[in-house]
Amino acid sequence: MGMPRNTGGGGIAVVGIDMLSERAAKMREAVHKSQSITDNMVSILGSFDHRLSALETAMRPTQIRTHAIRKAHVNIDKTLKAADVILSQFDLSRQAEAKILKGPHEDLESYLEAIEQLRNNIRFFNNNKSFKSSDGVLNNANSLLAKAISKLEEEFKQLLSSYSKPVEPERLFECLPNSMRPSSGSPGESNGKNHLSSSHAEHNNGTDNTVYTPPTLIPPRILPLLHDLVQQMVQAGHQQQLVKIYRDTRSPVLEESLRKLGVEKLSKDDVQKMQWEVLEFKIGNWIHFMRIAVKLLFAAERKVCDQMFEGFEHLKDQCFAEVTTGSVAVLLSFGDAIAKSKRSPEKLFVLLDMYEIMRELHSEIESLFRGKSCNEIRESAFGLSKRLAQTAQETFRDFEEAVEKDATKTAVSDGTVHPLTSYVINYVKFLFDYQSTLKQLFQEFENGDSNSQLASVTMRIMQALQTNLDGKSKQYKDPALTNLFLMNNIHYMVRSVRRSEAKDLLGDDWVQRHRRVVQQHANQYKRIAWAKILQCLSIQGLTSSGGSNSMGVDGQNSSGVSRALVKERLKTFNIQFEELHQRQSQWTVPDTELRESLRLAVAEVLLPAYRSFIKRFGPMVENGKNPQKYIRYSAEDLERMLGEFFEGKTLNEPKR
């Protein structure tokens, strides 16, 4: 075989293959060794696993005991901690018990803290009833809590009582605005009408911005303590005991405050038996008492309730209702007795006064006596307002009817203003002090313009008066006095209306129409009273029947006028004038201006006629015997005597 040409290159390749083979052989050897090691390792690990399993089996009892010991240790820890908590609760309970047994009087704040701690203990043991002693502890704690609340009730009662004193009248008067304070002593020493008139002035002017300052019934520093006591008692479920204590303590105090003020408990029978002057006075005081009670006493009591029972709305209203019920009932019962008593014209104004004060207090009553518990009181007050309005309206109606049908037999012999006229006119004028009240009254029962309603009522009353006066005027036998009477009375009506607010309501037309009526009656008087005497001064009938024109014939003048007839005329004139003077000097025209006007109207007719007659026919008498027997008076004498007419002189009063 021949050798390759490239000997050098082939040798290198052989060497490379040999090297690779050698490496491969080494790798196979390494793998064999590795496999052997792995097998040995697996064998060792298997053996180790077997031993470990055996060890684990051997260790298991120890592990179990260790776990049990550890668990027991945890349980002991928990038990010790629980015991600590229980012991601390027992400790707090003992501390609370010591404070509770000591009582609340010395340190109320600590006492209340002790009660709260006791409640916490009760909650704790209620939540941990698994403890063997839980029931015993709970019984003891609940018993102690009951005693604690009982002591709180006593403390509440004692604290409330010690600061609950009647309010003296003087202190209440100091809370009133200056304009409403009585001048001295008590309202009983001041005239009820004064209270009413000041009330009208304020109310009718619509400036009721008066400030009232309710008294402080319980010191502000005490109210928070009472409030804390209330909270504890409510939490203990003692609401009813709380209400009873509050009512039994505060109610008599409020009633005593009113009694000291002058409030009396009067029945309908008591009211019916009273004389009018006494009753009117008591009504004036009642109006004052109502204002003081609502704006001062009840307002102050409501403030106490609101602060003491803050957070307990129902208790606020219930306690306020319980305390005020008796006092309100006493006040309203008097008003109710008046509203239900027998109606009479003079009662209208006091009824309006009472209705007015109830209207004034309406918003306060609604605000103070709010809530369901106060419903009955609130409705009673508003019910009284309605009854007063109803009775006032019925009295108004009665008055109108009574004016028209008044059958007073007491005629005024001098023809002056009849008492009924002055009474009715004053009544109507006084009504105008109550304009706003009357308008409100009309709106209670009717719809429409209250101004026109008031005008209509006023006109009807005036017409009723005129109708009655017409009837009364017929009692006079002398028709001249009939007209003088009507003239006086209607003039009084007109003058009074013109000087009062009634003029705006009745209008100028009414005034002018009735002034014409006055003038008509004055003219009628003048015609009836003086027509006959003026005939004596007439020339008619003086001429002799024969109509002789002879000059110088005795008993006749050149015109044929008979001296005898002139004498007869003058004699008749004197008799009639003296008779008129004697009678009509007793008649009365009370209004100065009207009296002078009427005298002047008579003088303007009588004196010129007399002067003319004397001037013309006087010489016929003066030339004869005893001329003074026929010509007794000069025109000046007559004028002076006319000045004595309508003066209302008595019969036995000497002439001036």
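Mentor: Let us begin with Thr482, which is found in helix H17, residues 479–498. Please keep in mind that the model is a predicted one. With a relative accessible area of 15%, Thr482 is buried, because buried means under 20%. Setting aside residues up to four places away in sequence, Thr482 touches Ser473 and Tyr476.

Leu266 is placed in the loop between helix H7 (239–261) and helix H8 (268–273). Its relative accessibility is 13%, and Leu266 therefore counts as buried as well. When neighbours within four places in sequence are left aside, Leu266 is in contact with Met274, Lys282, Ser333 and Phe334.

Two packed helices are described by the angle between their axes and by the distance between the axes. For helix H19 (residues 563–584) and helix H20 (residues 592–622), the axes come within 10 Å and cross at roughly 140°. That angle makes H19 oblique to H20. The crossing in which H19 passes H20 is left-handed. On the H19 side, the residues that meet H20 are Arg563, Val566, Lys567, Arg569, Leu570, Phe573 and Phe577. Their counterparts in H20 are Leu606, Tyr610, Phe613, Ile614, Phe617, Met620 and Val621. Sorted by class, this contact of H19 with H20 has 11 nonpolar residues, 3 charged residues and no polar ones.

Key
Residues are numbered from 1 along each chain as its sequence is written. This is a predicted model: local features need pLDDT of at least 70, side-chain atom pairs count only at pLDDT 80 or more; totals for chains, interfaces and linings use all residues. Side-chain values use heavy atoms; hydrogens and water are left out. Axes are lines fitted to C-alpha atoms, for helices over the stretch in contact, and angles run from 0 to 180 degrees between N-to-C directions. Helices (H or I, at least four residues) and strands (E, at least two) are DSSP runs, numbered from the N terminus. Angles under 35 degrees count as roughly parallel, over 145 as roughly antiparallel, 65 to 115 as roughly perpendicular and the rest as oblique. A crossing is left-handed if the near helix is turned anticlockwise from the far one by less than a right angle, and right-handed if clockwise. Contact means heavy atoms within 4.5 Å. Ala, Val, Leu, Ile, Met, Phe, Trp, Tyr, Cys and Pro count as nonpolar, Asp, Glu, Lys and Arg as charged, and the others, Gly among them, as polar. Buried means under 20% relative accessible area, exposed over 50%, partly exposed in between (1.4 Å probe, protein chains only).
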